[in-house]
Every structure is written in C-alpha cells, then in structure tokens.
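Work through the following exercises with the sequence and the 3D view side by side. Try each task on your own before you read its solution.

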Amino acid sequence: MKVKLTVAALLVLCIGSMLGSSSSALPSDMSIVGYSPEDLSSHGKLMELFEQWLSRHGKAYASLEEKLRRFEVFRDNLHHIDETNRQVSSYWLGLNEFADLTHDEFKATHLGVISMPDEQQTIKTTSKAFRYEQVDASSLPKSVDWRKKGAVTGVKNQGQCGSCWAFSTVAAVEGINQIVTGNLTALSEQQLIDCATDGNHGCNGGIMDNAFSYIAHNGGLRTEEAYPYLMEEGSCHHRRRSEEEDDDEQVVVTISGYEDVPRNNEQALLKALAHQPVSVAIEASGRSFQFYAGGVFDGPCGTMLDHGVAAVGYDRDSIIVKNSWGPTWGEKGYIRMRRGTGKRHGLCGINKMASHAFRGFSHLVVFSRRRPPPLPLNRRWRDVDSCEEAVDEGFQEVDAGPSGWHKWRATG
C-alpha cells in the first residue's frame, strides 16, 4: 500500500540545509543525476522529489512509519550525493534505485566476492605461464570495447542476492564463446549458484575461479533461457529443461579451462583484455560506488575485494567495467574506472584478482594467401592470419594444400 506523507508528518522531519552551488562534476543534463539544486531549496521541494523518485522506481511501503524512515534514508543519501558532486570533478553520483537503502543494507545484499588471502593468490598466479605474456605491450590497441565487437550481452541484475561472482564469470564465458564461435549467447548464472558449490556459497558469495573450474569440469553452462535466474539458491539441475524445450534448445557452452592474470600488473590485465573480456574483483563497498552515475570513477575506495564484475574494454583513461546491478545504475549498467593510477593494486584493487576463461578450437584453418577455404567455415573452424599465430595458440598442423591453406587441430 502506497502511503502519502501528511503535512503533520512533515513537522517531525528534521531536514538539514543542503543548499549549495552545483559542482563542475555535474553534467549539463541534470536528469542524469536525478535532482537539481532547486530540489534542495525547501522541505516541500525535497518531499516532491521523493514522491517523484518513488513513482519512477515503482516503490511502495507497507506503512507510514516505514515510508518516513525511508524518506530519512533518502534525504541522507541525497546529502552525500550532492556533497560529493560539489567536491569532485571526474565523475558524478545520482539518485538511482538504491537511494532508499542505507549503505549497510546495500552492502549486505549487492556484493558477494569471497576474497582469497594474498599468499594464496600469489601461489595461484605464479603456478602457470600467462598465455599473453609474450604480447608486446607497445602493440596493444589504444582502446578496446568488446561491446562494439558483439561479445557482451545486455546488462543483468543480480538483485538482492550476493551472486556477483556468478555474473562476473558468466560475462567472461559469454565473451570468449562469442569470440570463438561468433555466437553471442546469454548464459545461466543460476546454474552456477545452484551447482558450483565447491568453495562458493550461492547468494552469500563466491569466487570466479571456482565457477570457471565447475564449468570446465562439469560439461559447461546452460543458456539463461533454459536455466533462468531466480535471485535465490535452488536445487542443482545440470540439464534443467522446460516442457516446451526441444533438443535444439539444449545448448551447452563449454570452456577448456581458465587462468589467472598475473596479479597487481595492469599491463598484464590490458594484454588479456585486448583479447577477451576478463573477470575482475574490486572493492565496491564505498558509498560513492552505490550511487555512481557517470564519468571516470577515481575513488574513494580500498583494495579489500568484495564484488565481482567483468572488464569489457579500456581506453586511454579507464577500464570499462560491466556491473550486475541493472541498466539504471551507472552508465547504463557500466562504470569507467580510472587506470594508470600508479598503484600496483589498481583502483579499488582491480589488478589483484583478474581471471579469464579459454576455449580451444576443434579445428583451425590458416589461409596464408587468403584463398577461399576448402570447406565452408562454421563454428568449428576459425581463420587466423598466419601459421605462426596458429603455433602460438597451441595448434598442430595436420594437413596442407597447394593453394595456400593449412589445417590444424587443437592439441589440448
């Protein structure tokens, strides 16, 4: 039941003054941040803003007392948003759907990475060679955006379930699957929540590496349509299917394995990111992160990792990160995080715990003179530029033709 605040109720609200000049951080279109300086000029304007916000986000409360409490939280959050916007210049905060949640409430329901001790991370990242180690950093493109390359699905919403680790993992697998097969397929986070329980705890947190390991060793991931998200833990069904589903819809995406990016190494992260989307962990428990609305975010935040996201590109100033808090948060569900900070952990610890999936090709065709292939290309075939590239990717030549084509088979 939606409850209107009464004039009498307004008398008991202690609304502090929030008057002040607008910040240089604020965009010219004030609708982006959800308020204007005029909204802070009086009690009545602030109440009107709250009612508009309730309507915009479809919010309703069970009692007048709850509505009054949420208004106080809203007022306090708006004070923080406005103060920050008047002090910073590279990014701005806005009134999003989380504006009636206290910061503690938000942290309890929207994070969920279980951070490993530094010693354990060091052992993991030094145990294997990094596949992009030999990539020349000076040859990396100035910018990469896997969204524009068609390797990123739409922004999803984990809701009030600490399953960010599953969304981070799935985004990375969706990316490498599209790069290898040409097919962009939305995959199931719910399967990971229900089934990838070795070291993970469903809505109470998990680790992306554990989820990658599950996918690699348990037959792959179902599609999101076949195994939809429930925002809660359920029973594991490796082959969950609906009554209407036929065999063609029993799509399972597999990976060959995963690897950790060398930790605390921004160049290594960029090398990996130039080739595919990457799962990363960050500290997202700062209050400003809750209300980020746009710009290049540069703090404040620490390096105590508590949230899993996916890096899907970079430019000169920032790493482009896909979040799982829905498309109304940030820049349509994304955040640009400052890179090149000079700190080895990276902003919010983004360099500390990055990892990605890899997927072997069944076959590979190399056209050394760019001739047409001897067989039609399908998702089991891939064209590369040179035989050297094939060798670098771990393929073994099994056939060659006089017209300049070579056939290779995956060795792993």
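**Exercise 1: A disulfide and its handedness**

The torsion about the S-S bond of Cys301 and Cys348 is about -95°, so this disulfide is left-handed. The model is a predicted one, in which local features need pLDDT of at least 70 and side-chain atom pairs count only at pLDDT 80 or more, while totals for chains, interfaces and linings use all residues. Residues are numbered from 1 along each chain as its sequence is written, and side-chain values use heavy atoms, with hydrogens and water left out.

Task: Describe where Cys301 and Cys348 lie and whether each is buried or partly exposed.

Solution. Begin with the bond: a disulfide is a pair of cysteine sulfur atoms within 2.5 Å, and the sulfur atoms of Cys301 and Cys348 are 2.0 Å apart. Helices (H or I, at least four residues) and strands (E, at least two) are DSSP runs, numbered from the N terminus. Finally, consider accessibility, where buried means under 20% relative accessible area, exposed over 50%, and partly exposed in between (1.4 Å probe, protein chains only). Cys301, at 28%, is partly exposed, whereas Cys348, at 2%, is buried.

**Exercise 2: The other cysteines**

Task: Find how many disulfides the structure holds, and state which pattern they follow along the chain.

Solution. The structure holds 3 disulfides. One of them joins Cys161 to Cys203, with the sulfur atoms 1.9 Å apart; its S-S torsion is about -90°, so it is left-handed. This pair links distant parts of the chain, with Cys161 in the loop between strand 2 (144-145) and helix 6 (164-181) and Cys203 in the loop between helix 7 (189-195) and helix 8 (208-217). Another disulfide joins Cys195 to Cys236, S to S 2.1 Å, and because its torsion is about 105°, it is right-handed. Here Cys195 belongs to helix 7, and Cys236 to the loop between strand 3 (221-222) and strand 4 (252-253), 41 residues apart. When the bonded cysteines are counted along the chain, the pattern is 1-3, 2-4, 5-6. Cys164 is in no disulfide, and the nearest cysteine sulfur, that of Cys161, is 9.1 Å away.

**Exercise 3: The surroundings of strand 7**

Task: Explain why strand 7 counts as largely enclosed, and name the strands that it is joined to.

Solution. First look at burial: 6 of the 6 residues of strand 7 (residues 292-297) are buried, so the rest of the structure largely encloses this strand. Then look at its partners, remembering that two strands pair if DSSP finds at least two bridges between them. Strand 1 (residues 91-93) runs antiparallel to strand 7 and is joined to it by 3 bridges, and Trp92 stands opposite Gly294. Strand 10 (residues 334-338) runs parallel to strand 7, with 2 bridges between them, and here Phe297 stands opposite Met337.
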